[in-house]
Every structure is written in structure tokens, then in C-alpha cells.
Amino acid sequence: MLTTKLTNILNVISDNLSQNKIPFSIIGAIALGFYGLPRYTSDIDLLTEGRFKSSIKTILNKLGYTCFQESDIFAQFDSDLGVYGNLDFMFVNTVDGQEILNRSISVSDSQLGERRIIQPSDYIILKLMAIANNPNRIAQDEADITAVLKSSNMSLIPAYFEPVNPERIRHFALKFGQEKRFEKYSNGVFSKSNNAETYKL
């Protein structure tokens, strides 16, 4: 569920990125809403290419945002006193990551207009990577993964998205050291990972 403020902010950010020819896709809770799984969020999560990080920081600084945390795979922005809400960017830097970005599709929304949304399978893949990189995220990320899988099994995700692809997810689960977690999806049981390696896309 998007507040009017968050909707307006997303539209402004999207317009600025598009004007600067920076490719991006919506991920996170907003993407869940496009899958038919709306939940409240106060953040905007976007996927883009790592080579545009500097340009994005310049754009957001002009819009009143400050980058308060960053690495080579993500950056988090906030405005003074939190007036505009948080913006989280995930950066792809590999062929696999670029493919995930390219596989996103344009979806029309009455509030947001035409926006690119990540495919459900790739949403799960990003969640698996997040869990592998930060086990503290397990509770929320597993809840989101489970919600997408249940909706897919019940054919509730809009047909313009690709069906969830177990083999594609398995491929990345193996890369991220999450094969045991993937194997337990069918009965809803998840194992805990304590892998210290940082995974990238």
C-alpha cells in the first residue's frame, strides 16, 4: 500500500532517472503490490546498474536526499527529518544482475503510470541473496518469499508476469549457498544460513 506522499516521491524519482537515461526496476514491497500482495511500506526500493551510482547520488542530492549508507551493491538515501521517505537502491554489476534488470517488465498502474517491475522469480532470487548476505533479514525476507510462492501456486499473480520458475531460482540458490533453504520451500520449512561471504549480482 502506497501513501500519496510515497506515490508522489516515486513518480518524481522515476521521472528524474528516466530523464537521465538511467535504467531501473521497482523491487521490494512496491513490487509485491504489483503481484497482488499489497503491504504497507515507507521505503522505495529500486534496482539499477552499478555504473550509475555516482549519477544517482548527484540527482538525489539535488532533490534533497543524502546517502547515509552505501557499498558496491547498495545505497540508502534519506532526506532531512525524513520528509521524503527512504530510498534504497540495489546495484547490479554482473551479467546475471544485468539479465535480472533486463527481464523486468513495464506495467501500467493508475497511480504510478507505466513502471518497470521485477519478475516474481527474480524477486525471490534477490531475497535469497539478501538472506545469504545478511541473516538478520531472514524473518521478513522469508515471509515475502512465502507470500510470492503461495500466490504463484494459487495462480493469483497477474498473467503478464512470467510464472515462477523453480529451476531459475534453484540455480541462484546454489550460487548463494541457499540450496537447503530452497529444498525446504515445498513444506514451508527454512534453514538458517550463517555464510559470511558477500554475494553480488
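H5 passes H6 in a left-handed crossing (the near helix is turned anticlockwise from the far one by less than a right angle). Helices here are DSSP runs of H or I with at least four residues, numbered from the N terminus. The model is predicted: local features need pLDDT of at least 70, side-chain atom pairs count only at pLDDT 80 or more, and totals for chains, interfaces and linings use all residues. Residues are numbered from 1 along each chain as its sequence is written, and side-chain values use heavy atoms, without hydrogens or water.

H5 spans residues 120–133 and H6 residues 138–153. Their axes lie 10 Å apart, at an angle of about 160°. Axes are lines fitted to C-alpha atoms over the stretch in contact, and angles run from 0 to 180 degrees between N-to-C directions. H5 and H6 are therefore roughly antiparallel (an angle over 145 degrees). From H5, the contact (heavy atoms within 4.5 Å) includes Tyr123, Ile124 and Leu128. From H6, it includes Ile145, Val148 and Leu149.

H4 (residues 95–103) and H7 (residues 166–175) form another pair, with axes that come within 13 Å and cross at roughly 150°. This crossing is left-handed too. Asp96, Glu99, Ile100 and Arg103 of H4 meet Arg168, Phe172 and Lys175 of H7.

Now the core. The largest nonpolar core has 59 residues. Such a core joins buried Ala, Val, Leu, Ile, Met, Phe, Trp, Tyr and Cys residues through side-chain atoms within 4.5 Å; buried means under 20% relative accessible area (1.4 Å probe, protein chains only). Tyr35 and Phe89 have the most contacts inside this core. H5 gives the most to it, with eight residues.

Note on methods. Helix = DSSP H or I, 4+ residues; strand = E, 2+ residues; numbered from the N terminus. Parallel < 35°, antiparallel > 145°, perpendicular 65-115°, else oblique. Buried < 20%, exposed > 50% of the residue type's maximum accessible area, 1.4 Å probe, protein only.
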